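I open these entries with the structure itself, and then note what I looked up, in the order in which I looked.

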Amino acid sequence: MTKIAIAEPSSMLRIGLEQLLRELPDAEVVFSTDNLNALYARISALRPDILIVNPLLFDYAKRATLRAEFDQLPNLRLVGLVTAYIESQHQRQFAGIIELNDDFQRIKSTLNQVCNTLQTDNEDPDTAPLSDREKDVLICLSKGLKNNEIADQLNISVHTVITHRKNIVRKTGIKSVAALTVYAILNNLIEEKDII
Amino acid sequence: MSNLSDFSSQLSPKMKMADAINQYHSLLTVLPRLGIPLGFGEKSIGQLCAEHRVSEPLFMLISRVYCQDDYFPTANELQQCPMADILQYLVSSHKDYLENKLPHIEHHLNILLEPMDKKYSTLISNFYAEFRKEMEKHFQYEEEVIFPYLRQILSEQEATESATYQKNTFHQQHDDIEDTLNDLSNLLLKYIPAEVSPAERVDMLLDMYALSNDIAKHAMMENRILVPYIQLLESKRHD
């Protein structure tokens, strides 16, 4: 089941869209709001897979970095609900775009495409244990190494280190390095004397 | 969603206090902080507020934050609440966390860690001690920097530059406290071997979830009430 959240200032549009999406067999609208603050307040708890959002909800200055607003949810896919002219570089932040005069068929295919990218990303489910490489990264983290130092030591790119870190947090549910260190010791990945 | 809004229309000063609490248990932690004792029989929220000299708009404001996840007060609702009362509530919440909630959790934690290998148990109790320090530091910052600044604006004195709070730091600190609490619950839930103090662990986790929920509400009070209030007052001053 794909979880969808909607943030759109016009209630007419929002309710209309909700109605349409209800006809999708494997999707569910878990949250819908006209208000950014309410969205921020609920989104991390609800963890939708897709957020359909009107970029006009954001101040012009923020629109260019809209994706960064949801950094803490790396698996969230953004779909732009475009009701007015939006600059193309702003549009590029979205995994898909729904326009005002799209018919239902078109909306469905946009959402399907976005869903497909979801599945390929989720090959390694939450329930998988940490991979050997993730354990290596975790050990380095516990020793107090920074991303670039870990990259050097393991001979991988900083980008890959960051991906491993995201996966570690996703699987363990633990965010802070201090708590991850406790995890590493409890699981006998490192000895206490290895920590500085 | 619709249940919540139905409830908020019912939640009024006329509602029986007992009904409100039976429906929303988390309100139970709010009462002692406002000085409303239990054993109130059939009295309504309004009657009890009057009896214990608690501002009724304040009680309603706090209850809505506790019962409605997406509640944002209107400017009007904010202005009905004396700021001094809000601050007093926040300070007594801090006190409640430090004097009651945390010691309670610590008590469980000590029993829980007792049978464990020293090298693991020290690690966890150190992590907990760090968390506690972080929390104390945050409360202290609020009580020594932010709240005095607010009282200054209220009394319409010139606020000193150094006292200016940083909205972003404020938010960040709340997130950090919740994250750390969450990390600790996950460690205890998932990674301590099954045979270690099973019953004590369940008790401790239940307490931690309750605390985590309460702190999230506390953060909402500050992020959604205090911060807009400061902005409201600041904008008035600049007019």
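How many bridges join strand S1 (residues 2–7) of chain A to strand S3 (residues 50–53) of chain A? I count on a predicted model here, and in it four bridges join S1(A) to S3(A), the two strands running parallel. I also looked up one pair in particular, and found that A:Ala7 has A:Val53 as its bridge partner in S3(A).

**Entry: the sheet in chain A**

**Entry: a helix pair in chain A**

For H6(A) and H9(A) I noted a packing angle of about 115°, with the axes 9 Å apart, and a left-handed crossing. The contact is made by A:Leu138, A:Ile139, A:Leu141 and A:Ser142 on the side of H6(A), and by A:Val177, A:Leu180, A:Thr181 and A:Ala184 on the side of H9(A). Sorted by class, this contact has six nonpolar, two polar and no charged residues.

Which elements give two or more residues to the largest nonpolar core? I first recorded that this core has 30 residues, and that A:Val137, A:Ala179, A:Leu180, B:Leu184 and B:Leu187 are among those with the most contacts inside it. The elements are H6, H8 and H9 of chain A together with H7, H8, H9 and H10 of chain B, and H9(A) gives the most, with six residues. Leaving aside neighbours within four places in sequence, I find A:Ala179 in contact with A:Ile174 and, across in chain B, with B:Phe127, B:Asp183, B:Leu184 and B:Leu187. Apart from this core lies another, of 28 residues, including B:Met17, B:Cys49, B:Leu78 and B:Ile86.

**Entry: where the chains touch**

Lastly I looked up the interface, where 16 residues of chain B are in contact with 17 residues of chain A. On the chain B side, the elements giving two or more residues are helix H8 (118–154) and helix H9 (167–191) of chain B, and the largest share, seven residues, comes from H9(B). The residues of that side divide into eight nonpolar, two polar and six charged.

Note on methods: Residues are numbered from 1 along each chain as its sequence is written. Chains are lettered from A and ligands numbered from 1 in the order in which they are written. This is a predicted model: local features need pLDDT of at least 70, side-chain atom pairs count only at pLDDT 80 or more; totals for chains, interfaces and linings use all residues. Two residues are in contact if their C-beta atoms, placed from the backbone, lie within 7 Å. Ala, Val, Leu, Ile, Met, Phe, Trp, Tyr, Cys and Pro count as nonpolar, Asp, Glu, Lys and Arg as charged, and the others, Gly among them, as polar. A nonpolar core is a set of buried Ala, Val, Leu, Ile, Met, Phe, Trp, Tyr and Cys residues joined through C-beta atoms within 7 Å. A residue is buried if 20 or more other C-beta atoms lie within 10 Å of its own, exposed if 12 or fewer, and partly exposed in between; C-beta atoms are placed from the backbone. Axes are lines fitted to C-alpha atoms, for helices over the stretch in contact, and angles run from 0 to 180 degrees between N-to-C directions. A crossing is left-handed if the near helix is turned anticlockwise from the far one by less than a right angle, and right-handed if clockwise. Two strands pair if DSSP finds at least two bridges between them.
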